[in-house]
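I opened the structure viewer and kept a running notebook. The entries below follow the order in which I looked things up.

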Amino acid sequence: MAGGTHMWPVVDLADLLDVLDPTEVGVGRFRARNVTSTLPTTLGSQTLAQAVVAAERTVPHMAVQSLHGVFPRGGYADRDVDVAVEVVQSGRALATVQVSFSQEGREHARVLTMLSAEEPDFLSHGAHLPEGVPGPEECEELPCALLPWEVRTFGGADALAAELSGPPALDVWMRCDKAPDLPGLGRALLAHGSEGFLGPVALRPYPHTEIERRGGRGASAMLAQTVTFHRPFSMHDWLLLHCESPFAGGSRMYGRIQIFTQAGDLVASVSAQGLMRQAG
């Protein structure tokens with residue numbers, strides 16, 4: 001972050017999901033490219049998406065239910081990534097897979113992934129779509145090159161304008177018809193797309209003038225992120241990301257997102273911790 005301006009790199013969808021078959025690299029190993037972006041380091045959101053792809057290729061009769069990624073250091077965006085997959089446990093209904101990302105023997109991300117077979121409801125309840133949220137037809141485009149999605153929010157680009165302030169919350173509608181409507185692909189894209197708003201929402205209360213008063217520049221990075229998929233969804237339909245940042249302090253920020261269908265069903269949840277400190 002610099003001067004309170006929110007920037008997203010441009011992402012190539014093919015790069016994001018380009019994970020080679022393990023037979024081409026070795027048993028339990030894949031190789032992946034980094035997304036084409038304006039950043040010199042790899043994106044944590046990219047590793048989450050590729051972890052979904054690698055895990056579901058390794059345990060093909062199950063679907064990713066949840067994943068927790070930690071990003072101890074940045075990778076190099078201009079180098080291929082070695083992806084190591086370890087099946088920690090695999091049974092009839094549940095499996096746990098660890099996916100590690102490294103370059104030249106240097107690990108920069110690790111994702112613990114739980115997969116599940118489809119099971120019937122025993123108990124069933126869920127949060128509901130917040131009342132009073134304008135629908136996608138009432139919202140304006142929010143430019144966001146990080147995502148291969150159509151993105152809208154009330155007020156459009158002004159909702160995240162650097163010179164304006166607002167509460168640490170934002171409702172964003174997204175959909176994507178630039179890729180096949182496949183469940184696994186949808187999970188990968190949603191895992192990737194959810195990260196893009198966590199930092200900007202935490203910065204919403206601080207306009208450009210306040211950032212300048214605090215030193216004029218900041219440094220931010222995602223440290224850990226958890227994504228849980230509750231119900232099936234289609235990425236060709238509008239999804240609402242109800243984003244909020246309940247806490248920022250101690251050079252850290254905490255964010256969470258609830259993801260709903262337009263009909264009001266909760267289909268996924270996200271929580272994350274990020275670094276947010278004054279640039280040295």
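**Entry 1: helix α2**

I started with α2, and 13 of its 15 residues are buried, so the helix is largely enclosed by the rest of the structure. I note here that the model is predicted. Helix α2 covers residues 44–58. I looked up its span from first C-alpha to last: 21 Å, close to the 21 Å expected at 1.5 Å a residue.

**Entry 2: the whole chain**

Next I stepped back to the totals. The chain has 5 helices and 12 strands. Of its 280 residues, 48% count as buried.

In what order do the strands of the open sheet run? I read off β1-β3-β4-β5-β2-β9-β12-β11-β10-β8-β7-β6, 12 strands with antiparallel pairing. Strands β1 (29–32) and β6 (140–141) stand at the edges. Each has a single partner strand, so one side of each is left without a neighbour in the sheet.

**Entry 3: burial of α3**

Is α3 enclosed or open to the outside? I counted 9 of its 11 residues as buried, so α3 is largely enclosed by the rest of the structure. Among the buried residues of α3 I noted Leu185, Arg187, Leu189, Leu190 and His192.

Of its 10 residues, 9 are buried, so β4 is largely enclosed by the rest of the structure.

I took the β3 side to begin with. Strands β3 and β4 pair in the antiparallel sense over 8 bridges. They form a hairpin with 3 residues between them. I found Asp82 opposite Ser102 in β4.

Then I took the β5 side. The bridge partner of Leu94 in β5 is Ser116. For Ser100, the bridge partner in β5 is Arg110. Strands β4 and β5 form a hairpin with 2 residues between them.

**Entry 4: two positive phi values**

I looked at Glu104, in the loop between β4 and β5. Its phi is near 55°, a positive value in a residue other than glycine. Is Glu104 buried or exposed? I read 69% relative accessibility, so Glu104 counts as exposed.

I then checked Ser251, which sits in the loop between β10 and β11. Phi of Ser251 is near 65°, again positive in a residue other than glycine. At 30% relative accessibility, Ser251 counts as partly exposed.

**Entry 5: nonpolar cores**

Which residues of the largest nonpolar core touch the most other members? I wrote down Val83, Trp149, Phe197, Phe229 and Ile259, out of 62 residues in that core. The largest share of this core comes from α2, with 7 residues.

Leaving out residues up to four places away in sequence, Trp149 touches Met174, Arg175, Cys176, Leu189, Leu190, Met235 and Leu239. I also found a second, separate core of 7 residues. Its members include Val133, Cys139, Leu240 and Leu266.

**Entry 6: the aromatic pair**

How many aromatic pairs does the structure hold? I found 1. Phe229 and Phe233 form it, and the pair is stacked. The rings lie 6.4 Å centre to centre, with 25° between the planes.

Phe229 has 8% relative accessibility, so Phe229 counts as buried. Phe233 has 16%, so Phe233 counts as buried too.

Methods. Residues are numbered from 1 along each chain as its sequence is written. This is a predicted model: local features need pLDDT of at least 70, side-chain atom pairs count only at pLDDT 80 or more; totals for chains, interfaces and linings use all residues. Side-chain values use heavy atoms; hydrogens and water are left out. Helices (H or I, at least four residues) and strands (E, at least two) are DSSP runs, numbered from the N terminus. The expected span of a helix is 1.5 Å times one less than its number of residues. Buried means under 20% relative accessible area, exposed over 50%, partly exposed in between (1.4 Å probe, protein chains only). Two strands pair if DSSP finds at least two bridges between them. A nonpolar core is a set of buried Ala, Val, Leu, Ile, Met, Phe, Trp, Tyr and Cys residues joined through side-chain atoms within 4.5 Å. Contact means heavy atoms within 4.5 Å. Rings of Phe, Tyr and Trp (its six-membered ring) pair if their centres lie within 6.5 Å; planes under 30 degrees apart count as stacked, over 60 as edge-to-face and the rest as tilted.
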